[in-house]
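Here is a short note for someone opening this structure for the first time. Please read it with the model on screen.

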Amino acid sequence: MTQHATPQDILDAFANLCDREKRVIHAIARKHLGGTRFSEPLDLVHEALFLSVEGRRKWPMNIDFAIFLSMTIRSVAYADRTVSENAMAARAPVEEIVEWSIAPHASHPSAEACAEQAQDCRMAWSKVASTRGRLAERDPIAARVLDGFVAEAPAAELRRELGICAAELDAARKRVLRALRNTARL
(Lines give C-alpha, C1' and ligand atoms only; values in the text may rest on other atoms or scores of the structure.)
Protein backbone atom coordinates (compact mmCIF):
# COMPACT_ATOMS: atom_id res chain seq x y z
CA MET A 1 0.00 0.00 0.00
CA THR A 2 1.30 3.43 -0.92
CA GLN A 3 2.18 5.64 2.01
CA HIS A 4 1.15 9.28 1.51
CA ALA A 5 2.75 12.28 3.16
CA THR A 6 1.18 14.29 5.95
CA PRO A 7 0.71 18.05 5.55
CA GLN A 8 3.76 18.59 7.77
CA ASP A 9 5.85 16.24 5.60
CA ILE A 10 4.85 18.29 2.56
CA LEU A 11 5.73 21.61 4.18
CA ASP A 12 9.05 20.22 5.41
CA ALA A 13 9.91 18.86 1.96
CA PHE A 14 9.03 22.19 0.36
CA ALA A 15 11.21 24.05 2.86
CA ASN A 16 14.11 21.65 2.17
CA LEU A 17 14.14 22.08 -1.62
CA CYS A 18 17.59 23.06 -2.85
CA ASP A 19 18.08 26.16 -5.00
CA ARG A 20 18.42 24.11 -8.18
CA GLU A 21 15.12 22.31 -7.52
CA LYS A 22 13.41 25.63 -6.80
CA ARG A 23 14.63 27.06 -10.11
CA VAL A 24 13.43 23.98 -12.01
CA ILE A 25 10.01 24.11 -10.33
CA HIS A 26 9.73 27.84 -11.09
CA ALA A 27 10.62 27.18 -14.76
CA ILE A 28 8.02 24.42 -14.98
CA ALA A 29 5.38 26.71 -13.47
CA ARG A 30 6.31 29.46 -15.96
CA LYS A 31 6.02 26.98 -18.83
CA HIS A 32 2.53 25.84 -17.79
CA LEU A 33 1.20 29.31 -16.90
CA GLY A 34 -0.38 30.13 -20.27
CA GLY A 35 -4.17 29.90 -20.42
CA THR A 36 -4.64 29.76 -16.65
CA ARG A 37 -6.01 32.30 -14.21
CA PHE A 38 -2.63 32.53 -12.49
CA SER A 39 -0.64 35.69 -13.20
CA GLU A 40 2.77 34.56 -11.89
CA PRO A 41 4.60 31.22 -11.77
CA LEU A 42 4.73 31.36 -7.95
CA ASP A 43 0.92 31.62 -7.86
CA LEU A 44 0.77 28.28 -9.63
CA VAL A 45 3.44 26.79 -7.32
CA HIS A 46 1.57 27.97 -4.24
CA GLU A 47 -1.74 26.60 -5.56
CA ALA A 48 -0.13 23.18 -6.09
CA LEU A 49 1.40 23.33 -2.61
CA PHE A 50 -1.93 24.41 -1.08
CA LEU A 51 -3.82 21.55 -2.74
CA SER A 52 -1.17 19.11 -1.51
CA VAL A 53 -1.27 20.35 2.08
CA GLU A 54 -5.06 20.39 2.00
CA GLY A 55 -5.02 16.74 0.91
CA ARG A 56 -6.65 17.12 -2.50
CA ARG A 57 -3.35 16.10 -4.12
CA LYS A 58 -1.58 13.27 -2.35
CA TRP A 59 2.20 12.88 -2.36
CA PRO A 60 3.27 9.21 -2.42
CA MET A 61 6.37 9.10 -0.22
CA ASN A 62 8.23 6.85 -2.69
CA ILE A 63 8.24 9.68 -5.29
CA ASP A 64 10.77 12.52 -5.03
CA PHE A 65 9.01 15.68 -3.75
CA ALA A 66 10.37 17.96 -6.47
CA ILE A 67 9.04 15.59 -9.15
CA PHE A 68 5.69 15.31 -7.35
CA LEU A 69 5.36 19.10 -7.08
CA SER A 70 6.29 19.53 -10.76
CA MET A 71 3.67 17.04 -11.84
CA THR A 72 1.09 18.64 -9.53
CA ILE A 73 1.83 22.04 -11.06
CA ARG A 74 1.32 20.58 -14.52
CA SER A 75 -1.93 18.95 -13.45
CA VAL A 76 -3.28 22.08 -11.74
CA ALA A 77 -2.46 24.20 -14.79
CA TYR A 78 -4.15 21.71 -17.11
CA ALA A 79 -7.26 21.57 -14.93
CA ASP A 80 -7.40 25.36 -14.72
CA ARG A 81 -6.87 25.71 -18.47
CA THR A 82 -9.86 23.48 -19.23
CA VAL A 83 -12.23 25.72 -17.26
CA SER A 84 -14.37 27.44 -19.91
CA GLU A 85 -13.59 31.02 -18.88
CA ASN A 86 -9.85 30.32 -19.19
CA ALA A 87 -10.01 28.39 -22.45
CA MET A 88 -9.62 31.47 -24.62
CA ALA A 89 -6.65 32.81 -22.66
CA ALA A 90 -4.06 30.50 -24.25
CA ARG A 91 -0.87 32.41 -25.04
CA ALA A 92 0.69 29.89 -27.40
CA PRO A 93 1.58 31.05 -30.93
CA VAL A 94 -0.87 29.88 -33.58
CA GLU A 95 1.85 27.86 -35.32
CA GLU A 96 2.38 25.72 -32.20
CA ILE A 97 -1.34 25.11 -31.73
CA VAL A 98 -1.81 24.12 -35.37
CA GLU A 99 1.23 21.80 -35.36
CA TRP A 100 0.05 20.11 -32.18
CA SER A 101 -3.55 19.70 -33.26
CA ILE A 102 -2.67 17.92 -36.52
CA ALA A 103 -0.21 15.53 -34.93
CA PRO A 104 -1.44 12.04 -35.87
CA HIS A 105 -1.09 10.35 -32.50
CA ALA A 106 -0.78 13.25 -30.07
CA SER A 107 -1.12 11.79 -26.62
CA HIS A 108 0.01 13.10 -23.31
CA PRO A 109 1.59 10.81 -20.69
CA SER A 110 0.06 10.85 -17.23
CA ALA A 111 1.67 12.79 -14.42
CA GLU A 112 2.42 9.52 -12.64
CA ALA A 113 4.16 8.09 -15.71
CA CYS A 114 6.26 11.27 -16.05
CA ALA A 115 7.17 11.15 -12.36
CA GLU A 116 8.17 7.49 -12.56
CA GLN A 117 10.23 8.14 -15.69
CA ALA A 118 12.01 11.08 -14.06
CA GLN A 119 12.72 9.02 -10.96
CA ASP A 120 14.04 6.10 -13.07
CA CYS A 121 16.29 8.53 -14.93
CA ARG A 122 17.58 10.00 -11.67
CA MET A 123 18.32 6.49 -10.32
CA ALA A 124 20.14 5.56 -13.54
CA TRP A 125 22.36 8.64 -13.32
CA SER A 126 22.99 7.85 -9.68
CA LYS A 127 24.21 4.39 -10.68
CA VAL A 128 26.45 5.91 -13.35
CA ALA A 129 27.93 8.28 -10.75
CA SER A 130 28.45 5.38 -8.34
CA THR A 131 30.17 3.35 -11.04
CA ARG A 132 32.31 6.37 -11.94
CA GLY A 133 33.44 6.70 -8.31
CA ARG A 134 34.42 3.04 -8.05
CA LEU A 135 36.25 3.12 -11.38
CA ALA A 136 38.15 6.28 -10.42
CA GLU A 137 39.63 4.44 -7.43
CA ARG A 138 40.84 1.31 -9.23
CA ASP A 139 40.81 2.00 -12.99
CA PRO A 140 41.35 5.68 -13.89
CA ILE A 141 41.47 5.00 -17.63
CA ALA A 142 38.07 3.28 -17.55
CA ALA A 143 36.72 6.17 -15.45
CA ARG A 144 37.90 8.65 -18.08
CA VAL A 145 36.35 6.50 -20.84
CA LEU A 146 33.05 6.60 -18.92
CA ASP A 147 33.36 10.39 -18.76
CA GLY A 148 33.88 10.34 -22.51
CA PHE A 149 30.74 8.23 -22.97
CA VAL A 150 28.69 10.69 -20.96
CA ALA A 151 30.15 13.68 -22.83
CA GLU A 152 29.71 11.85 -26.16
CA ALA A 153 33.37 12.45 -26.99
CA PRO A 154 34.68 10.90 -30.21
CA ALA A 155 36.80 7.77 -29.80
CA ALA A 156 39.76 9.37 -31.57
CA GLU A 157 39.73 12.27 -29.13
CA LEU A 158 39.63 9.89 -26.14
CA ARG A 159 42.52 7.83 -27.51
CA ARG A 160 44.58 10.94 -28.14
CA GLU A 161 43.81 12.41 -24.70
CA LEU A 162 44.59 9.17 -22.85
CA GLY A 163 47.51 8.16 -25.06
CA ILE A 164 46.12 4.70 -25.79
CA CYS A 165 45.55 2.66 -28.94
CA ALA A 166 42.20 1.47 -30.32
CA ALA A 167 42.52 -1.97 -28.69
CA GLU A 168 43.21 -0.43 -25.27
CA LEU A 169 40.22 1.88 -25.69
CA ASP A 170 38.03 -1.07 -26.64
CA ALA A 171 39.21 -3.00 -23.55
CA ALA A 172 38.52 0.01 -21.30
CA ARG A 173 35.07 0.40 -22.90
CA LYS A 174 34.30 -3.25 -22.07
CA ARG A 175 35.43 -2.72 -18.45
CA VAL A 176 33.11 0.30 -18.20
CA LEU A 177 30.15 -1.62 -19.60
CA ARG A 178 30.85 -4.54 -17.24
CA ALA A 179 31.03 -2.16 -14.25
CA LEU A 180 27.75 -0.52 -15.30
CA ARG A 181 26.04 -3.91 -15.65
CA ASN A 182 27.30 -4.98 -12.22
CA THR A 183 25.99 -1.74 -10.68
CA ALA A 184 22.60 -2.28 -12.31
CA ARG A 185 22.32 -5.69 -10.62
CA LEU A 186 22.76 -4.26 -7.11
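1. **Basis.** This is a predicted model: local features need pLDDT of at least 70, side-chain atom pairs count only at pLDDT 80 or more, and totals for chains, interfaces and linings use all residues. Residues are numbered from 1 along each chain as its sequence is written, and side-chain values use heavy atoms, with hydrogens and water left out.

2. **Overall make-up.** The chain has 9 helices and 0 strands. Its elements, from the N terminus on, run α-α-α-α-α-α-α-α-α. Helices (H or I, at least four residues) and strands (E, at least two) are DSSP runs, numbered from the N terminus. Of the 186 residues in the chain, 28% are buried. Buried means under 20% relative accessible area, exposed over 50%, and partly exposed in between, with a 1.4 Å probe and protein chains only.

3. **Core.** The largest nonpolar core has 26 residues. Such a core is a set of buried Ala, Val, Leu, Ile, Met, Phe, Trp, Tyr and Cys residues joined through side-chain atoms within 4.5 Å. I25, L44, W59, F65, L69 and I73 touch the most other members. Two or more residues come from each of α1 (7-15), α2 (19-31), α3 (41-54), α4 and α6. The most come from α4, with 9 residues. In soluble globular proteins, nonpolar side chains tend to be buried together.

4. **Rings.** How many aromatic pairs does a search of the whole structure find? It finds 3. Rings of Phe, Tyr and Trp (its six-membered ring) pair if their centres lie within 6.5 Å; planes under 30 degrees apart count as stacked, over 60 as edge-to-face and the rest as tilted. W59 and F68 are stacked, at 6.2 Å centre to centre and 25 degrees between the planes. F65 and F68 are tilted, at 6.1 Å and 40 degrees.

5. F65 and F68 are about one helical turn apart, because they are 3 residues apart in helix α4 (residues 65-81). W59 counts as buried at 7% relative accessibility. F68 counts as buried at 8%, and F65 at 6%.

6. **Second largest pocket.** About 320 Å³ of space lies in this pocket. On a 1 Å grid over the protein atoms alone, a pocket is an open set of points where a 1.4 Å probe fits, with protein on both sides within 12 Å along at least five of seven lines; lining residues have an atom within 4 Å of a point. The lining has 15 residues, and P60, I63, A111, E112 and A115 lie nearest the centre. α4 and α6 (111-138) each supply at least two lining residues. α6 gives the most, with 5 residues.

7. **D139.** This residue sits in the loop between α6 and α7. Is D139 buried or exposed? D139 is buried, because its relative accessible area is 15%. D139 and A172 are 33 residues apart in sequence and 8.8 Å apart in space, C-alpha to C-alpha.

8. **Helix α7.** The 12 residues of α7 (residues 140-151) should span 16 Å at 1.5 Å a residue, and the end C-alpha atoms are 16 Å apart, which agrees. The expected span is 1.5 Å times one less than the number of residues. A142, A143, V145, L146 and G148 are buried in α7. Just after α7, E152 takes a positive phi of about 55 degrees.

Notes:
Grid points are joined across faces, edges and corners, and a volume is the space filled by probe spheres set on the points.
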